[in-house]
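Hi there,

Here is the structure I promised to pass on to you. Have a look at it first, and then read my notes below.

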Amino acid sequence: MTDTAIAQQSGTSGANHTSHHGARALQGLDPVTFEVLKNAFATSVDLMSEQILRTCYSFVIYSRDFSSALCDADGNTVMQGSGDIAVHVGTLHFQCKAVLEEFGKDIHPNDVFAINDPYRGGTHFNDVSFIRPIFSEGEIIAFAQNKGHWADIGGNVPGSFDVNAKEHFGEGLRITPVRIWSKGVFLHDVAQLLVSNTRAPQQAMGDLHAQSEATAVCEREILRLVDKYSKQTVVAAMQETQDYVERIVRRRLVTLPQGTWETTDYIDFDPGKGEGLVPIKIKLTLDGEGIHYDLNDCAPAVATFLNSGYGTTFSAIYAGTKTFFPDIPLNSGFYAAVKADIGPEGTVVNAGWPFAVTGFCSGPYEKLMNGIFELWSQIMPERAMACAFNLEYLLVGGRDKRTESSPYFMWYDWMAGGWGGRASKDGAGASAPVFGPGLAVQPVEGQERLSPVLTTMHQIATDSGGPGRFRGGVGIEKGGMLTDATDTVMSYCCDRARSITWGIEGGLPSIPHGVWINKGTEDEKFLGSNFSSVPLESGDTFTRPSAGGGGFGDPLERLLGEVLDDVIDGYVSIGRAEADYGVVITEIDAELDEFEIDVPASEALRARIRSQRRGWLTEDAAAVAARYRSGETDMLDVIRRHGVILDWGSGELYPKTTVQFRALMERRSASHWK
Amino acid sequence: MANVRVAVDVGGTFTDVCIFDDETQRMRVTKVPSTPSDPMLAVMNGVKRAEINLADVSLFSHGTTVATNALITRNFPSAAMVTTRGFRDVIEIRDGTKDDLWDAYNDVSGPYIRRRDRFEVTERTDFAGQPVTPLDEVDARRVAALLRKRGVKTIAVCFLNSYANPEHEIRMRKILEEEIPEATVTTSAEILPEIFEHDRFNTAVSNAVLAPLVSGYVNRLADELKNGGYRGDLLLLHSGGGSMTPRMVKRYPVRLAASGIAAGAIAAKHIAQQCGYDNAVGLDMGGTSTDIALVSGGELRITKEWQVEYGHPIVFPSIEVLTIGAGGGSLAHIDIAGSLRNGPQSAGADPGPACYDGGGDQPTNTDANIALNRLGSTLAGGAKTLQRSLALEAIHRVIAEPLGMADAEAAHAVLQVANANMADAVRLISIRRGYDPRDFALIAFGGAGALHGAEVARELDIPTVVVPPNPGVTSALGCLLVDIRHDLSAMYTALASAADAEDLEARFVELETEATARLRHEGVSEENSVLQRTISMRYHGQWRSLAVPIGSGRGSLQDAIATFHQEHEREFAFRQDDQPVEIYQLALSAVGKTPKPSFVPARTLVKDPGDPATHRQVYFGKDGWIDTPVYDRGRLPAGATFIGPAIIDQLDSTTVVPPHTRAEIDEWLNIRIHLTNVGTEQEQAND
């Protein structure tokens with residue numbers, strides 16, 4: 001392989017040149033100029049990100065839910081920010097192309113355009129992009145783009161996450177490509193129309209300016225490069241940067257096996273169809289030439305907002321694949337090597353207008369990402385990883401009665417959680433979601449100043465990691481109390497209360513997601529993992545966990561000492577050490593961290609579990625549900641031993657869901673047990 | 001007669017001792033190997049080697065990596081954290097983010113105190129400082145007894161919202177001190193009275209884990225110096241660019257966490273000042289990494305976003321230094337898609353560059369420099385011999401052959417990529433703050449800085465490069481030049497238009513009282529104390545704030561608001577005058593001036609550099625191989641001026657003066673390289 005690489009790089013003989021090299025030699029792109037410009041493009045984009053982080057108004061942007069890109073004259077991405085949120089990956093070129101399609105020749109120096117349209121390859125309405133053309137000698141050579149998540153974009157609910165939306169009309173403001181600056185003149189009326197459709201117009205106006213100014217930073221850098229290296233060289237380098245990335249991917253593929261791999265992950269349910277998991281089926285083919293995904297067998301669009309438009313489906317495919325090629329820069333060269341047939345419109349992964357898609361991030365996105373992790377885990381076993389916790393957003397909005405003016409408040413919260421166990425170590429605990437490993441959780445002290453919600457607990461949830469030879473990373477429990485508010489409602493955007501975060505290679509599932517209200521009181525209620533506008537009153541409490549990661553490998557093979565360490569740190573309880581790992585630990589003096597492993601008892605227990613566990617997975621589900629309701633069997637045994645899925649509040653059995661979940665546990669867990 | 005100043009800077013490999021004699025006004029430098037198991041040994045070895053009589057020393061200052069290394073290796077005495085019930089995991093959950101967003105196998109390092117050593121007590125204060133749940137005294141005593149039983153030596157008390165009301169933390173400290181008198185107790189609001197629990201808790205936890213170790217080290221050294229006859233205070237360089245005495249180190253050991261990095265930046269600032277540059281970039285290039293610092297308007301940029309390892313913030317004002325993985329040992333390679341890359345992987349000390357003949361067969365920047373004859377074949381005055389043939393072989397095999405280039409061309413390409421990477425880093429740190437690098441001078445030092453400085457500057461269109469007299473030991477010079485400094489802050493959230501000027505004044509006076517007390521405690525007299533107020537502001541609704549200086553009289557707030565608008569425009573290229581401005585935080589820096597060495601300029605009568613020691617063929621890109629004079633730096637007189645190309649050799653460094661540039665030795669014996677194209681129209685125009 002190296003020989004081909006050399007031939008393409010060398011400028012000495014014409015014999016072996018490919019078209020890439022031909023173009024490069026023509027443009028006079030020597031290796032040094034190319035490397036320097038490639039790195040300079042990355043700097044120009046990172047500068048844009050740096051500025052938006054320092055000037056933004058939206059706390060969601062501040063928590064790093066934004067991205068930046070340099071696109072070429074055709075709208076293809078040349079370089080995406082190195083710290084960008086995963087979920088925006090592979091959507092910025094769609095938005096840029098939409099502006100080009102809409103405005104064509106009617107694009108001028110010092111114009112700035114806005115777009116948030118999920119039906120034109122965007123993510124969801126909250127993610128607003130600002131796009132600035134970069135001109136040289138009267139001609140567009142590139143576009144600078146910054147996309148950030150506005151705290152609110154209107155619609156039925158504060159924060160614009162309406163779980164009950166079936167179509168987009170109530171979700172928020174849809175911004176098709178629109179001009180905000182015309183030849184340097186600020187179009188105040190247009191900007192005002194946009195921000196006036198949000199709950200926080202002043203903030204939105206602040207972000208509109210901050211984001212637009214950030215794109216100017218990139219423009220200045222690119223023009224500096226043009227000055228120094230010439231327009232022709234910079235334009236050639238933008239193309240070569242894409243070709244370069246495509247080349248890396250294709251060359252890596254040569255060392256990988258060829259074949260087809262398939263898996264299915266599930267969304268909890270489609271309210272239009274009753275109980276039953278909603279399949280997202282992914283087929284991956286490596287043929288030595290490229291990476292091909294096929295999503296033709298996914299379920300029809302669901303009757304909630306947990307659908308995905310084509311932009312975010314591609315994003316999941318690119319971001320999921322990129323996780324196994326972490327060092328490769330992101331641009332359209334990557335998108336050229338990774339192809340997908342996402343099937344006709346109308347499915348959960350290709351919803352199309354006017355299906356509601358705002359919840360894609362908790363729905364298909366995470367399922368595609370984790371499914372892709374599972375597929376690549378077979379191709380690159382040394383980088384294998386079980387399923388991670390699901391992205392979740394809890395929104396509490398109403399009137400803050402702590403001050404006389406009773407301002408509108410929005411407590412908009414997301415948690416860290418556990419990632420899946422890996423081939424050589426435990427999963428990462430208490431980490432940001434796969435949706436964006438750079439998405440920061442908010443400080444409780446900041447939230448308490450802004451909203452009448454007192455956080456009662458924010459800590460690691462014991463036993464939340466899926467058991468395995470390598471345990472899933474731990475999840476978190478966060479509880480709160482509404483202190484002094486009126487007209488308050490709560491909504492939740494999540495999933496995986498039923499399609500529980502799974503293990504692989506014999507590893508076990510972690511714990512279900514879902515919100516409890518007034519837990520431990522007479523009014524206790526399990527609200528599930530997706531609900532909208534549940535009324536709350538001052539004094540009400542609520543709590544929810546984030547799941548841990550799924551386990552990797554058979555938990556009965558976990559080293560005894562590792563289980564003991566987990567018990568000392570409280571990641572695993574003594575009870576679950578026995579139930580999940582078959583390790584019997586006795587307490588000597590917990591105050592001094594003194595515990596003892598009973599080795600003979602552990603060996604006997606492991607033997608007993610080994611002989612019985614296949615039977616547990618086929619036990620009568622209705623009987624298991626009954627034992628849960630009577631308190632004989634706890635939730636973790638119901639899930640991890642029996643593979644039975646219930647309404648975790650009422651204990652009602654979901655028979656169809658259980659059949660599906662048991663089948664996937666058989667495939668991912670039981671079939672790997674010795 | 002106390003007339004000698006001594007500064008000791010401990011690095012990973014060498015401990016540098018810098019001695020300034022007030023009488024002769026001469027500076028000299030000694031290098032001894034570092035002793036990582038007990039860094040004090042190297043300090044005292046250096047003192048001995050330099051033949052310093054401690055009774056003659058008027059000021060002894062010290063930059064140390066003791067704290068940094070302890071944090072990285074997690075080598076602490078038994079420590080514990082006591083926190084609000086329900087919040088045991090704040091320092092483990094952090095903000096949840098990862099440094100490496102894409103490599104799912106690359107994890108953030110674990111917290112400084114493990115979960116098993118974190119304990120909860122029942123108490124709660126709300127956002128406004130009102131107690132929601134009183135501190136449960138029985139619970140508090142239970143935890144204290146437990147910690148005593150566990151033999152804990154140092155404890156961090158971290159309660160939620162303690163920045164708004166520290167009462168519970170103070171009470172908890174009292175109980176711990178009663179129950180475990182021998183333990184050190186750090187409370188979060190005392191260390192950092194600021195909002196955001198993870199930042200504050202982690203800063204307090206860092207302080208707690210470092211307390212016994214760092215103050216133990218500092219006290220041992222102070223005793224040793226005292227026994228040797230030193231009568232002054234040992235001054236420890238801290239992250240904020242000032243120093244503190246052992247008395248304050250005891251309370252704030254975490255401030256020493258970036259002691260080592262600060263020294264180089266301070267030296268760069270000093271050299272810039274000496275040369276009359278208000279704006280300068282410090283480029284401190286060593287074997288594995290390069291530290292870049294920015295001086296603007298005569299001051300170093302200070303940041304509060306600082307950490308030794310990702311995810312574990314230490315929120316004290318620290319000199320802003322950007323460290324990148326580019327050094328003499330950085331490896332060059334061709335990647336799978338045929339692109340020429342440089343770093344961040346490094347050959348390190350073992351096996352080292354190919355030319356070290358230590359088994360390394362991959363080319364590094366050092367190999368490229370020796371291949372082009374920029375670097376001679378001996379280092380450190382003959383202490384180390386380099387094998388040029390091995391360097392050439394590595395470059396030929398790994399770079400030249402695959403790219404179809406001549407060896408020299410390939411070695412030059414390696415350096416060009418390295419220089420461009422450094423230039424990108426300088427661009428990041430300057431442009432993101434709204435500065436144009438072209439308005440700056442480049443101060444190049446560290447073992448490899450002077451080899452690369454001129455070409456990095458050319459990449460950035462920086463007009464002048466300054467190479468200080470002893471580039472390899474410049475950091476130690478930084479230690480000589482520091483004042484005592486404390487940084488204090490207080491939360492203050494209010495719309496600027498509604499702020500009560502008297503209340504604001506009262507809060508600043510509170511800070512000043514505390515700061516003055518600290519300076520007095522360290523023996524600083526009133527006339528040597530300088531207090532500077534700053535106020536952090538933002539447009540209402542923004543998340544980040546900008547700190548601007550504020551005076552104390554009437555109208556000072558209005559002036560500060562005007563400055564805020566200006567700074568926002570300078571840094572971010574826009575301002576919003578119609579937007580309300582919000583005050584976020586007050587801060588105070590308290591500086592205790594220490595007497596500085598007075599360097600005397602040399603006379604610069606001579607223009608003639610004298611005869612070069614030798615000539616050799618050196619490769620300069622499109623100018624090809626040129627017969628180049630090699631000067632011995634020690635013999636170049638002040639005032640000497642010459643046109644490049646030239647190589648200037650000295651014990652600890654080699655300076656490259658490229659063709660078409662002009663070098664002069666200034667009155668401070670710095671080499672200044674002017675990058676104007678000598679002999680071209682451009683220079684005539686510039687002149």
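**What I found**

In chain B, Ala646(B) stands opposite Val657(B), which belongs to strand S33(B). Before going on, please keep in mind that this is a predicted model, in which local features need pLDDT of at least 70, side-chain atom pairs count only at pLDDT 80 or more, and totals for chains, interfaces and linings use all residues. Residues are numbered from 1 along each chain as its sequence is written, while chains are lettered from A and ligands numbered from 1 in the order in which they are written.

Back to the strands. S33(B) and strand S32 (residues 646-650) of chain B pair in the antiparallel sense over 5 bridges. (Two strands pair if DSSP finds at least two bridges between them; strands are DSSP runs of E with at least two residues, helices are runs of H or I with at least four, and both are numbered from the N terminus.) These two belong to an open sheet of 4 strands in chain B, ordered S29-S30-S32-S33, with mixed pairing. At the edges are strand S29 (614-619) and strand S33 (653-657) of chain B, each pairing on one side only.

Next, a pair of helices. In chain B, helix H12 (residues 407-431) packs against helix H13 (residues 449-460) at an angle of about 60 degrees, and their axes are 9 Å apart. (Axes are lines fitted to C-alpha atoms, for helices over the stretch in contact, and angles run from 0 to 180 degrees between N-to-C directions.) H12(B) and H13(B) are therefore oblique to each other (under 35 degrees counts as roughly parallel, over 145 as roughly antiparallel, 65 to 115 as roughly perpendicular and the rest as oblique).

Now for the two chains together. In the model, 74 residues of chain A are in contact with 59 residues of chain B (contact means that the C-beta atoms, placed from the backbone, lie within 7 Å). On the chain A side, H3(A) gives the most, with 14 residues. That side divides into 35 nonpolar, 22 polar and 17 charged residues (Ala, Val, Leu, Ile, Met, Phe, Trp, Tyr, Cys and Pro count as nonpolar, Asp, Glu, Lys and Arg as charged, and the others, Gly among them, as polar).

Finally, confidence. Chain A has a mean pLDDT of 93, and 96% of its residues reach 70 or more (pLDDT is the predictor's confidence in each residue, from 0 to 100). Over residues 1-26 of chain A, however, the pLDDT is below 50. Where pLDDT is low, the predicted coordinates should not be read in detail.

Happy exploring!

Technical notes. Two residues are in contact if their C-beta atoms, placed from the backbone, lie within 7 Å.
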